[in-house]
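Open the model in your viewer and keep the selection panel at hand.

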Amino acid sequence: MALLWATAASSLPSAAALRCALAAGGKHADRLLSDLRGASANDPSAADRLIRKFLAASSKSAALNALSSFLSLSSPVALPLYERISEASWFSWKPKLAAGVVALLEKQGRCAEAETLTLDAVSRSKTHRDLALFYCDLIESFSEQGLVQPVLETYARLREVPFAGRRPYESMIKALCLMGMPGEAEAKLKEMASSGCKPSAFEFRSVIQSYGRSGLFSEMRRVVGSMEDAGLPIDTVCVNVVLSCYGHHGELPEMASWMRKMRERGIGLSIRTFNCVLNSCPRVVSIASDAGSLPLSMEELLQKLENESSSRTEALLVQELTSSSVVAGILEWSSSGSKLDLHGLHVAASYIILLKWMQELRRRFREEDVIPLEISVICGSGKHSERRGRSPIKELVSEMMFRTSSPMRIDTKNHGRFAARGKAVREWMC
């Protein structure tokens with residue numbers, strides 16, 4: 001344990017990253033994070049006591065969720081935590097968990113320990129199927145750590161196991177895509193199809209994303225066509241994958257063109273689309289981050305973007321987004337109440353949604369007889385923000401409500417909620 005903690009203490013991930021990842025582990029996992037960051041690398045026994053205390057205060061699911069989160073972040077803390085969890089009376093060996101630990105050991109150059117744990121897992125496999133599935137887990141874990149050679153070596157072992165099915169293809173395609181090898185992944189996709197196992201939309205989307213992230217857009221579009229030829233329709237999820245790839249490389253004109261084509265084909269957008277597209281718009285992000293001077297109407301924002309030659313494409317993207325039915329879909333509306341929930345939205349997307357929300361409220365008040373008893377906007381109180389208790393979206397909503405003289409105020413019983421009577425909002429809007 002001393003050696004494990006000496007390695008771990010100097011390379012803990014950031015508090016913000018771990019806080020988000022450890023949300024599933026609950027308050028005990030969050031407390032463990034804080035305590036470990038304050039522990040001295042020269043006193044591994046203190047760290048061991050903290051881990052034991054955490055396990056004593058946590059349920060089985062909370063402990064395993066915390067361990068999985070540490071593993072996903074490649075945190076060396078995962079190794080001493082795994083060692084203590086494996087000693088618990090409730091612990092039952094899981095191949096996927098073991099594969100994650102093997103990959104982390106390999107990542108740290110502790111190859112002998114990784115091989116010992118691998119051989120232990122092999123000895124626990126009672127059937128060819130068990131062994132094949134462990135190798136699949138191992139391939140995926142190695143690829144998440146960016147370890148190309150161990151992936152290829154494990155796949156060679158997997159091919160020697162008499163096991164037929166989809167999983168080996170799925171794992172290898174996923175691994176190759178994660179490691180930025182789209183050409184090899186596409187070849188494996190074709191091999192999968194020729195073997196009689198029909199690739200799913202997930203495998204196609206993985207290859208599409210890998211090509212797109214590599215900036216190989218013609219290949220990306222070709223695989224989109226192959227996906228359609230295979231009888232798998234292009235849906236909102238696939239659209240978001242393509243848009244994220246264009247956005248990753250700042251290809252805003254291509255993004256606008258793709259969105260226009262998808263609208264013409266009747267493919268809907270989603271909250272994820274708003275986040276993906278608007279996070280790729282540097283001018284919109286800049287405007288939304290300056291709550292004290294941002295435009296307070298959609299018309300004013302679009303005019304501001306169109307007046308700047310460098311951001312005219314961003315204006316087109318905002319128009320494409322706001323012409324969709326996403327806002328109407330997330331806006332609850334009835335005589336008893338109306339609610340707009342901004343959970344899941346990033347700051348720039350929240351800003352655009354709020355502007356569209358104002359437009360939508362005006363339209364409904366003018367065209368419909370319904371006046372909700374109460375109207376509310378849910379923005380959260382910042383529990384999962386990088387700085388706990390500080391919600392950038394709440395600050396955005398607060399500033400917009402203040403500058404527009406809105407009657408909506410923070411709910412005294414729920415600090416992540418703005419609310420007002422429907423009649424007061426109607427008078428404000430109209």
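Helices (H or I, at least four residues) and strands (E, at least two) are DSSP runs, numbered from the N terminus. The model is predicted: local features need pLDDT of at least 70 and side-chain atom pairs count only at pLDDT 80 or more, while totals for chains, interfaces and linings use all residues. Residues are numbered from 1 along each chain as its sequence is written, and side-chain values use heavy atoms, without hydrogens and water.

Start just after α12: select Gly196, whose phi is positive, about 100°.

Now step back to α12 itself, residues 182-194.

Select Pro182, Ala185, Glu186, Lys188, Leu189 and Met192: they are buried (under 20% relative accessible area; exposed is over 50%, partly exposed in between; 1.4 Å probe, protein chains only). They lie on the same side of α12, because they cover an arc of only 160° around the axis (taken from the directions from the helix axis to the C-beta atoms). The face turned away carries exposed Lys190 and Ser194. Show α10, α11, α13 and α14 to see what the buried residues pack against (contact: heavy atoms within 4.5 Å).

Next, colour the open sheet, ordered β1-β2-β3-β5-β4 with mixed pairing (two strands pair if DSSP finds at least two bridges between them). β1 (331-334) and β4 (409-411) are at the edges, each with a single partner strand, so one side of each has no neighbour in the sheet.

Finally, select β3 (374-378) and β5 (414-421), antiparallel over five bridges; Ile375 is bridged to Ala420 in β5.
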